[in-house]
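Try each task before you read its solution.

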Amino acid sequence: MVNITVVYATVEQQKIYTLAVPQGTNLLQAAQLSNIELECSIDLQGMSLGVFGQLKNNPLMYLVQEGDRVEIYRPLLLDPKEIRRQRAIKSKVLKGEKKL
């Protein structure tokens, strides 16, 4: 058995599950074994997964290891570049540099 932690965060709360999974369990299976889909009403098939902040492009190929922190990432609501662009426009408007 391999001891891991599965984490998922929303704006309101953070869920942390500590569990033991069989050796040879892949990343997606590990997340599914935590039963997080039922508790948080999410579909893991549409989510990105990673370990210790590093996105794993193919969660079926990565086998969890002792002590791994399996992270479930929510989809971005806005592109980070778009957020920065909007913030810059707002800053210019507040300073009176640009009128919309």
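**Exercise 1.** Which residue in β5 does Thr5 stand opposite?

*Solution.* A word on the source: this is a predicted model, where local features need pLDDT of at least 70, side-chain atom pairs count only at pLDDT 80 or more, and totals for chains, interfaces and linings use all residues. Residues are numbered from 1 along each chain as its sequence is written, and side-chain values use heavy atoms, leaving out hydrogens and water. Now find Thr5: its opposite number in β5 is Arg69. Next, look at the strands, which are DSSP runs of E with at least two residues, numbered from the N terminus. β1 and β5 run parallel, joined by 4 bridges; strands count as paired if DSSP finds at least two bridges between them.

**Exercise 2.** Describe how β1 and β2 are arranged.

*Solution.* Start with direction: the two strands are antiparallel, with 8 bridges joining them. Then check the turn, where 4 residues lie between the strands of this hairpin.

**Exercise 3.** Is Gln65 buried, partly exposed or exposed?

*Solution.* First locate Gln65, in the loop between β4 (54-56) and β5. Its relative accessible area is 47%. Buried means under 20%, exposed over 50%, and partly exposed in between (1.4 Å probe, protein chains only), so Gln65 is partly exposed. Last, list its contacts (heavy atoms within 4.5 Å): not counting residues up to four places away in sequence, Gln65 touches Val2, Asn3 and Ile4.
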